[in-house]
Structures are given as C-alpha cells and as structure tokens.
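This briefing sets out what can be read from the model shown below, grouped by topic. The model is predicted.

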Amino acid sequence: MVALTQALLNGLVLGLIYVAIAVGLTIVFGTLRLVNFAHGAFYAIGAYIGLVVAQQWGLGPALVAAPVAVALFAVVLDRILLRPFYNKDATSQILVTFGIALIVEETLRLIFGSTTLQYPPLPALATSFAAGPIVYPAYRLLFALGVIVMLVLVWLFMEKTDYGLIVRAGVRDRTMVQLLGGNVKAASTIVFALGAAIAGLAGAAASPIYSIAPGTGFAFLVPSFVVVVVGGLGSFWGAVLGGLLIGELQSITTLVFPPAANVVIYLCMAVVLLLRPQGLLGESEVIRQ
Amino acid sequence: MNPSTGSGQAAGVRFALLTAIGLALFPFAFHAIDGYGGLATQILIMSIASIGFNLLLGYTGLLSYGHAMFYGGGGYVAALLLIRLMPQHPNLWLAVLGATLAATVLALLVGALAVRLYGIYFALLTLAFAQMIFFVVEQSQDWTNGDDGLQNFPAALLPLGPYSIDLGTPLPALPLGAFGNLSDIKLWYVFAALVLFGVMVGVRALTRSQFGEVLTAIRENEERSALIGFNAPAYRLAAFAISGALTGLAGALRALYDGSVPIDAVGIDRSGSFVIYTIVGGVQTLLGPVIGTGLIMYLESVLSARIDYWRLVEGVVFVAVVVFLPAGIVGTVTKTVQERTQKSRALLTESLRARSGGAQAGPERLSK
C-alpha cells in the first residue's frame, strides 16, 4: 500500500513535468500550427540556467531567471528562424526544429560537458512530508502544487485576456483579426515565448528531482509528444489529462513490471493514434495535417 | 516533354556506367582527402539505408522518425542468426537475406497501421514503434546483451559457387601515389559497392516506373489519385515495405562489416541520422541521400578527431540546409544546372531564329 501510494505520487510528479512541457507544445501547435521538436531544448536550457543560478543565489532566483532567459531565447529563435515555417507543412517544421534541438543540445554539451549534473544539496530539498507510514519529499509535493498553479494561470491567460483572445481568433481567421486591429504577430510571439517559459521553468524546478544532462531535453520531449498525442494535439486539457495518464501509467508499470515501463507509454500512444488519432480530447479536424 | 524510350534507355545505361565508375574511383579519391577504406565501405552501406529512407520521404512524402527499428532490427537479426543458428558455418547470404526479410515483415506490420496517418501523426507513430522496439531490445538481455550490444559474433563467409569468400581479404597491393594503395581496399568494399550499385539502379527504375509515378501522384494530390482509381494506402504500404527492407539490408551489412551491433543502432539518434543524411544531400533525388551520407559521415570522421563539438557543426549544417537549401545539395545543384541549360538553350534558339529569319529553328534541331 505504501509502495503503491508512493508510485502514485511519483507518477503525479512525473506526469506534471510532462504536462508542463506538453502544455507549451500543445498551445503552440493549437494556436500557431507549429510542430516544435525543439521544445525539449527549452526545458534543458531552463534546467542548466536554473542550476547555475541556484549555485550562486539559491533556488528562488533560479526559478525566476530560467523562464525569463528561456522566453527571451524563444523570442529570438522565433523571429530569426521559425517565422517562415509557420505556414509550411508539418514535415518542414519537424525538420527545422529537430535541427535547432540538435544545435542546442550540442551547445549545452560544449558549455557544461557530457556528464550528468546534480543539484547542490539545498536544505529546502532535504525536508520530507510524512503522513502515517507514507514519507515523501516535501519538494516534490511543492513542485506538483507549483505546476498546478501555473496551469491555472496559463489557462486564465488564454481564456480571459485580450492576448489569449487575439491568438485564439487569429488561428481561425488571421486576416480578419488583423483587419479588426489585432496584432496577431505580437500575440503569437507571446504564445511562443509563454510555452517556452513554462518549459524552462519546469526544467529549473524539476532538476532537483531529475538530474540534468545535455540530452535531457530530447529525453523529456519524446514522452511529452506521447502526452500531447494521447491528450489531443492542440488541446490544453488534453495535455493535462494525457500527462497525468502517462505519468501514472509509467510509474505504476515501474512498480509492477519494471522492464515494460518505457514500452507501455509508446504502446499507449500507438493505440491512441490508431483508434483515435485526434487524441482523447482533441478535435477531429486536425488529423490530416 | 518526356524523352523517348530509346533515349530513356540510353540515359539508364549512362547512369549505370557513371555510378559504376564513381563507386570504383570513390575510395581512392577519398584517400586523397584523408578518408580511409573502412569509412568508404561504411558510407556505401549507410547510403543504402538513406536511399531506402528517401524512397519514403522523397517519393512518398512521408517522414518516418523510426527507421532505426529497421536498421537496428536488421543488424540484430543478422547477428542473432549467426550466433544462434549457424555458429559453425556462418553464411553471409543467409544472415543478410534473413535480416532483410525480417525488416520487410516488420515494415509491413508497422506500415499497415502507419500508412493511414499523415505528417506529424505518421512521424510520431513510427517514432512510437521504434521506441517500443528499442526498449524491447534493451530489456531482452539474454538475446541482445542489453545496453552493451552484440559483439564477437562469427565472421560470416560469402559462399559463391565452389568458393567461400572472406570479405575481410584486402585487394592485391598496388601503390597509387596520393590515392593510397589498392590493398587499402578490402573485398568488403567491392561487395558493398555491388549491393549499392544494384540498389541505385533498382530504385532508379522503380521511381521511373508506373509505380513511382503513382507514388508521386499520391504525394502531390491523394484525393485526385484515389478518384482515378489508385489504392493510395496500398501504394504507400508498398513504398514503406521497400524502404524498411533497404534500411534493414543496410543494418545487416553494417553489423556484419563492423562485427558488432551497438544498442544505438535501434536508438532515436539513428533514426534522426537518416533524416539528416537525406535532407542535407537532397530529398527527392536519387544521388542526394548518397552524397549526404558521405558528406556527413566524412565530416564526422574528420571533425570528431580534431574538435569535440562536431555534432554542433552537423546541427548547424543541417539547419542551414533546411532553411536555405530545402532541395538539399544535389537538388540545388541539379536545379541550378537545369535552369542554366534552359536559359542558354533559350538564348541559342533566339539567336538562331534571328539569323534564319524564321521560326523553324526549334529545340529539336538544337539538341543534336
């Protein structure tokens, strides 16, 4: 029972990391129709920046610096490279963003080396939360809470602010929104930067839990694509549902039959793609991309 | 206008001849720029996989992000056939054929499910299957040796009539100055060159056949091709199977040549490498994947010895090609040359017309 509860909690934390990466992937796809294989790179950059800042000034500043820096990077990337690819086919988008992911990964390797880095032992990380026989690191619970708060904020931004409105309307009819005076370009930059910032923040916040290596970005990106596909490409709540589902599935399989833990999530994705390609909560119009 | 059958055949013969000459001269020219025979052999083998990959991406318009499952699958099956079934009499034909067959079956199974999807969904489904295969291989310790991969399997001999050929035998010694020595080349290179030659001629014929034309038609406009009466999924499945078979063949050859199969052979980076090779060289061209494979593998070999960030260079080259030369190196060169000839042809026609004062001087007269 204790083992199961801990597995469920682990699954929740893992799932929420996936959600944090997948939310950016999915809003960028849903609003800009951009398939971004470089999204994992935002996570990795956030993790490294977070680590460097945390070593100097502590965890708090790290959680501010990482998303800001990653968002700036994303804006530059968007302006310089990605804009022309917005209206191209998915294949071209995959190619260019895959290339960017490669460049980022290798740049990180050049700067920080190939070795896996660990977080400095901070007192905040050592505390545990105990409820009866169940003991669980407090930081992980705090992390889960943080991601949930962030998700609510993102949802509010997309649903309740003018920017969110312009972006959602711009997806339907770009020309019309521009004619009405909405700045679709600025709004899409903001969406892109927002998605990146969330991934960067997740990287910085999650690296005390999971170690950091140059390949970390891609290693998290691939399951995050599983999450997005299972939930439905472009769907916010799909990413949330998919992330929790995949996180728990992976964690529980690890408990029951460890060798299958990684296979099972891809099996899950394959089944969803074949039976319901638009994903659990996706709209059916996007299948023929 | 299409060339007549006669000149089409002539072009085919010319293509075969030029390919044969290119393959025969390649290792020696390669030596002059610091390449070596072993790398030349590996480039030829990997080119087979890239050609297979391009058959899908270039001619069918489907980006697979999981071709490592066929490549690595071919490698593991070849190695396992040698280790488990013929440790006493390791037969290269049987190992390669068995592995290619296995890759074809795998491609048919995955393809039957995948060809119903497009774009990102197709890429992700192939990725999902490749990841499943990767983790199954990694976990099947007893068979695959897990993360360590398979090594030390019996060196396969190539039975040919009454002979049993060891492909590790070098050619006779013959100094060639700056181009090295004939004995730098092992029989393996000759064998790989023959296979690649066959694959290139075969794929060229395939893409120019009705099958190839239908594939292109489906890629450009599936609904229209379906309305004409072509069964698009069946054509795509056939292309997927051939693509998987060629990639599996390459994986088997590489395993037998290297004498080892690393776990990376089924990994995601391997799938990505076929994407890079093909795009850099030129998608939708026959020669592109070969040139791209050669260039990137050569850069890797030369640069990784000198600098430790060669993969960064690779990434920059790849992105530069995607952004500035979407047709790839070969595609861009071909296009430029074609435009030039057309332009000069037009100029020539005009001047001839002006001289003869009439309109009789057509391109037909000029082509001879």
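In this predicted model, the contact between the two chains involves 30 residues of chain B and 32 residues of chain A. The side of chain B that touches chain A draws two or more residues from each of α5 (119-139), α11 (268-281) and α13 (310-324) of chain B, and α5(B) supplies the largest share, 13 residues. Sorted by class, that side of chain B holds 24 nonpolar residues, five polar residues and one charged residue.

**Nonpolar core**

- The largest nonpolar core counts 211 residues, and the members that touch the most other members are A:Ile21, A:Val70, A:Met269 and B:Ala78.
- Helix α1 of chain A, residues 2-32, gives the most to this core, with 16 residues.
- When residues up to four places away in sequence are left out, A:Met269 touches A:Val226, A:Val229 and A:Val230, and also B:Ala128 of the other chain.

**Overall form of chain B**

- Chain B contains 15 helices and four strands, and its C-alpha atoms fill a box of roughly 80 × 60 × 50 Å along the principal axes.
- The radius of gyration of chain B is 22 Å, which agrees with the value near 21 Å that a compact globule would have with 368 residues.
- Of the 368 residues in chain B, 45% are buried.
- Among the contacts in chain B with a separation of 6 or more, 73% are accounted for by residues 24 or more positions apart.

**Domains of chain B**

- The domain assignment divides chain B into domain 1 (9-326) and domain 2 (327-359), and the centres of these two domains, taken over C-alpha atoms, are separated by 36 Å.
- Contact between the domains of chain B involves 14 residues of domain 1 and seven residues of domain 2.
- On the side of domain 1 that touches domain 2, the elements of chain B that give two or more residues are α11 and α12 (288-306), and the residues of that side comprise eight nonpolar, six polar and no charged.

**A hairpin in chain A**

- Strands β1 (residues 128-131) and β2 (residues 134-137) of chain A pair in the antiparallel sense over four bridges.
- Within this pairing, A:Ser128 stands opposite A:Pro137, while A:Ala131 has A:Ile134 as its bridge partner.
- The two strands, β1(A) and β2(A), form a hairpin with two residues between them, and A:Gly132 in the turn has a positive phi of about 65°.

- Most residues other than glycine have a negative phi.
- B:Asp34, in the loop between α1 (5-32) and α2 (37-60) of chain B, has a positive phi near 80° although the residue is not a glycine.
- B:Asp34 counts as exposed because it has 11 C-beta neighbours inside 10 Å, and the cut-off for an exposed residue is 12 or fewer.
- B:Asn152, in the loop between β1 (150-151) and β2 (158-160) of chain B, is likewise a residue other than glycine with a positive phi, here near 55°.
- B:Asn152 has 9 C-beta neighbours inside 10 Å and therefore counts as exposed.

How values were computed. Residues numbered from 1 in each chain as written. Chains lettered and ligands numbered in written order. Predicted model: local features only at pLDDT ≥ 70, side-chain atom pairs only at ≥ 80, totals over all residues. Nonpolar A, V, L, I, M, F, W, Y, C, P; charged D, E, K, R; others polar. Domains from an automatic or database assignment. Core = buried A, V, L, I, M, F, W, Y, C linked by C-beta atoms within 7 Å. Buried ≥ 20, exposed ≤ 12 C-beta atoms within 10 Å, placed from the backbone. Pairing = 2+ DSSP bridges. Rg over C-alpha atoms; globule rule 2.2 N^0.38 Å.
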